[in-house]
Structure formats: structure tokens, C-alpha cells
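Below are some notes for a colleague who has not looked at this structure before. They go through it point by point.

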Amino acid sequence: VFSCENVDFKRKFIVETTDPPLLFNDVTELASGEGVCHDGLTRDVPGDLHVLVAGTECVDFSSLSASRKGLKGGGKSDVTFWATHKLAKKCKPPIVILENVAKCPVNEMESAFEDIGYVAAHAKLCTSDYLLPQSRRRVYFLFLHGAKAQFLPSFSKDDWIGTMERLGPKRPLQTSEKTLSWEDFLDRDNASKKIIKKKSGRAKPLSESLNSKWLAEIIDIESKEGLPPYDTRGGRPYSDAAKNIDAIASLPDRAKLRLDVQCKRAIKAGIDPFGTPLLWNPAQQLRFTDSGVSTDGKARAIAPCVTPKHEWIVSSRKGPLTGAEALALQGIPVSKKVVSQFECGQLRDLAGNAMSTTVIAAAFLGIFLTAELLDNDNTKKRSALAATTTGTKKRKKRSRMK
């Protein structure tokens with residue numbers, strides 16, 4: 001019916017890949033009944049909705065945020081959630097599905113929708129349980145409008161949650177099914193590039209960072225884990241091997257030293273990171289990430305969570321995971337024609353903010369299996385019945401999901 005996106009290049013991506021009937025620019029306008037579209041024209045917001053799906057801003061709830069705010073903290077998460085809430089209150093779609101980070105204020109968000117007539121349920125889900133090899137934990141909310149939808153007779157929100165588990169972590173593996181690794185999503189033609197013109201680092205030279213916290217962290221980890229110190233022979237294995245590779249050489253020393261630690265960890269575990277692809281995040285503190293080697297000494301098959309800003313390094317490539325590869329890990333394949341129209345960072349941003357397609361598909365299937373819409377005639381009958389009878393429960397007429 002319509003889509004909404006406030007970032008220009010993301011609207012362009014939506015147009016190129018899905019071509020929606022309407023594409024609005026700003027969710028905060030929609031509850032007014034009209035909004036500006038991507039082509040600059042103001043149009044009416046369709047009011048007859050069966051399903052509203054939204055992934056409101058998560059930046060103020062995320063554990064990676066330096067200044068986390070609540071649902072009424074005045075940040076982007078606050079504004080976009082309440083704008084979506086106002087739209088639901090105005091249009092009263094029978095079904096609303098929301099997605100947000102695991103640290104979002106679940107109880108407050110459910111209470112807000114309960115206050116406008118919805119029955120609320122939520123499930124904490126991980127993308128790796130739904131066929132995509134990515135460790136991405138998110139909360140998915142299901143809201144059913146009390147006058148327009150309901151769980152099937154003898155069913156409750158617990159049945160929807162249980163169905164999500166049976167579709168995900170408790171789903172039996174099929175005999176012909178191949179378990180995917182994040183390596184299966186790599187573009188093998190994407191090789192690292194040599195330096196054409198060496199760039200300067202984006203941080204202080206190492207000689208000026210000797211008293212920094214990040215260097216102290218690296219020295220502490222090298223000492224505790226028995227790794228060669230960075231300032232000794234063999235202490236900079238990854239930096240030395242990639243000194244002529246633009247994607248690595250142009251990083252600040254902080255990032256390169258973190259890559260060296262991950263490289264030394266992998267070598268110590270018996271894995272050659274130059275021959276075996278491992279995923280490393282040089283922007284993240286080492287205590288929050290690892291070398292990509294699991295406890296059994298093998299390379300991890302599941303990728304860490306794809307984020308909008310972090311540039312993961314593929315160890316054997318000596319270069320970053322591309323934006324197209326990040327989108328593929330979200331279940332969003334894109335053609336080379338589309339990829340050519342966007343910067344790699346833009347595609348990575350899109351992937352980091354997207355819902356995993358297999359998880360949202362499972363959420364829809366879970367609704368089809370546990371809930372139903374109520375037709376208008378049945379709603380009137382129920383209201384009249386409630387006004388004239390007491391103590392008797394009548395089963396509501398079923399209608400097919402639309």
C-alpha cells in the first residue's frame with residue numbers, strides 16, 4: 001500500500017528494488033492524513049490497512065549507544081515510535097508488527113499499544129535461528145486490534161510465541177537442508193586492492209598514543225592471553241601482511257593493532273586467517289569482540305550482527321565485507337545494477353538498519369497460523385451481543401486473513 005523512509009539514498013534503494021505505490025518521506029507526518037512523497041508531491045495516506053509493519057529507530061535503545069535514552073527521552077527512537085503509534089491509533093490496522101533491538105523498553109512499548117485497543121505480544125528472536133547465518137537478536141512485537149483481529153479460539157499470545165520458536169530455534173533440520181555459513185554469502189570475485197596512493201591514518205601516530213586507553217587494553221590482552229607483544233618481532237602480523245593493501249593500510253593504528261590481536265588469537269588457535277575467512281571488527285573494543293574462532297577451534301559459521309556503521313574485515317581478503325554481502329546476510333539479494341548505483345557504505349547502512357527477511361516472514365506465518373481477522377458484520381454482532389447479554393460467551397465468526 002505504501003512505504004516510508006526519511007533518508008534520501010534509502011528511498012532511492014526502495015524505488016529501485018520494490019517500486020512501491022506510495023513512498024512517503026517522514027513517518028511523523030503520516031498521522032495527519034497526508035505526507036510528502038519521494039517525488040516532492042503531497043499525497044493522502046491510505047487509511048484502510050490490514051497490516052502495518054515498522055522498524056522504528058533503535059539508536060537510543062542500542063547497547064552500542066554512548067547515550068541511551070528511554071521511550072520519552074526526546075531522541076529519534078522516541079519520535080519514530082510515537083509517530084508510528086499515532087498512525088496506528090488513527091488508522092486502526094488489525095495487525096501491527098514492530099521490530100527493535102533487544103534492549104528496547106518492551107513493557108512500555110506494549111503498554112502504549114494496549115492503551116489504544118491492541119492485544120500485545122513479543123518474542124526475542126535471533127536471525128541465525130531462521131536460516132540466515134548472522135547473530136542478530138531483535139524483539140518482534142505483534143499487536144492485534146481488539147475490534148478487528150483476535151487469536152484463534154483456544155489460542156493466545158503464547159501460541160504465537162511458541163509458533164515462532166517452532167519456526168526458528170526448535171524447527172527440525174530437514175534431511176536435504178544445507179546449513180549455511182556466512183562464507184557462502186561472500187562474493188569470491190571481490191579481491192583486496194593494492195594501494196594506489198597511500199592515505200594517512202585518521203588518528204594520532206602510534207608514538208603519540210602510548211598513554212591511550214585503547215593501547216593499554218591491547219597490551220593487557222596480549223599479556224593475559226600470551227600473545228606476542230605488538231612492539232616485538234612478529235607482533236604485527238596482520239598489519240605487516242596487509243601494508244600494501246589500501247583497505248588496511250589506511251586504517252588508524254588503533255584499528256590495525258586490534259586486527260593484529262585478532263590475527264594472533266587465530267594463529268594461536270591453529271587457524272590461518274589468511275587462508276580461512278574470519279570476520280573482524282577493528283572499530284570495536286577487543287573485549288566486545290573475538291577472533292571469529294569458536295570454542296571448538298573452528299572458524300565460526302555464524303557472522304556477528306551486521307550494523308550500519310561498522311566495517312567488518314574479512315581476514316583472508318584483507319578487505320571489508322561489502323555492503324552487498326551485508327545485505328545478503330539479511331536475506332536481501334541485490335543485482336549488480338543496483339549495487340553500482342550506491343556506495344558500499346550506503347548499502348552497509350541499509351543492511352544494518354533492515355529487518356532480516358526470513359524472521360519477518362516467519363512472524364507473518366506465525367500470525368497466519370494463530371490469529372484471524374474479524375469482519376465488520378461480526379464486529380457489530382459482537383458489540384450488540386455484549387450490550388444485551390451477560391454471562392454467555394459466543395464464538396466469533398472466523399474470516400480469512402487478507
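1. Is Asp19 buried or exposed? The model is a predicted one, and in it Asp19 has a relative accessibility of 57%, so Asp19 counts as exposed. Its place is the loop that links α1 (8–17) to β2 (23–24). The backbone of Asp19 deserves a look too: phi is near 50°, a positive value in a residue other than glycine.

2. Lys92 sits in the loop between α2 and β6. With a relative accessibility of 38%, Lys92 counts as partly exposed, because the class of exposed residues begins over 50%.

3. The secondary structure comes to 13 helices and 13 strands. The chain has 402 residues, of which 46% count as buried. Among contacts in the chain with a separation of 6 or more, 67% are between residues 24 or more positions apart.

4. Which strands form the open sheet, and in what order? There are 4 of them, in the order β5-β6-β8-β7, and their pairing is mixed. The edges are taken by β5 (51–54) and β7 (118–126); each has a single partner strand, so one side of each is left without a neighbour in the sheet. On average, neighbouring strands here are turned by 15° against each other, direction ignored.

5. The pairings can be followed strand by strand. β5 and β6 run parallel and are joined by 4 bridges. Leu52 has Val96 in β6 as its bridge partner, and Val96 in turn has Phe143 in β8 as its bridge partner. Between β6 (residues 95–101) and β8 (residues 137–145) the pairing is antiparallel, over 7 bridges.

6. Helix α4 (residues 157–167) touches β7 and β8, and its direction makes about 20° with that of β7. Helix α12 (residues 357–370) touches β5, β6, β7 and β8, and its direction makes about 145° with that of β6.

7. How many of the residues of β6 are buried? The count is 7 of the 7, so β6 is largely enclosed by the rest of the structure. In α4, the buried residues are to be found at Trp160, Gly162, Thr163 and Met164. The buried residues of α4 pack against β7, β8, β9 (149–151) and α12.

8. Next come two helix pairs. Two packed helices are described by the angle between their axes and the distance between the axes. For helix α2 (residues 76–91) and helix α3 (residues 106–114), the axes come within 10 Å and cross at roughly 25°. That angle makes α2 roughly parallel to α3, because angles under 35 degrees count as roughly parallel. The crossing of α2 and α3 is right-handed.

9. Which residues bring α2 and α3 together? From α2 there are Phe81, Trp82, His85 and Ala88, and they meet Met109, Ala112 and Phe113 in α3. Sorted by class, this contact has 6 nonpolar residues, 1 polar residue and no charged residues. An α-helix has 3.6 residues a turn, so residues three or four places apart point the same way.

10. The other pair is helix α5 (residues 213–225) with helix α8 (residues 253–268). Their axes are 10 Å apart, and the helices pack at an angle of about 10°. That makes α5 roughly parallel to α8. On the α5 side the contact is made by Trp214, Leu215, Glu217, Ile218, Ile221, Glu222 and Glu225. On the α8 side it is made by Asp253, Arg254, Leu257, Arg258, Val261, Lys264, Arg265 and Lys268.

11. What is the make-up by class of the contact of α5 with α8? It has 6 nonpolar, no polar and 9 charged residues. For α2 with α3, the corresponding entry for charged residues was none.

Definitions and conventions. Residues numbered from 1 in each chain as written. Predicted model: local features only at pLDDT ≥ 70, side-chain atom pairs only at ≥ 80, totals over all residues. Heavy atoms only, no water. Axes fitted to C-alpha atoms, helices over the stretch in contact; angles between N-to-C directions. Helix = DSSP H or I, 4+ residues; strand = E, 2+ residues; numbered from the N terminus. Parallel < 35°, antiparallel > 145°, perpendicular 65-115°, else oblique. Left-handed = near helix turned anticlockwise from the far one by under 90°. Contact = heavy atoms within 4.5 Å. Nonpolar A, V, L, I, M, F, W, Y, C, P; charged D, E, K, R; others polar. Pairing = 2+ DSSP bridges. Buried < 20%, exposed > 50% of the residue type's maximum accessible area, 1.4 Å probe, protein only.
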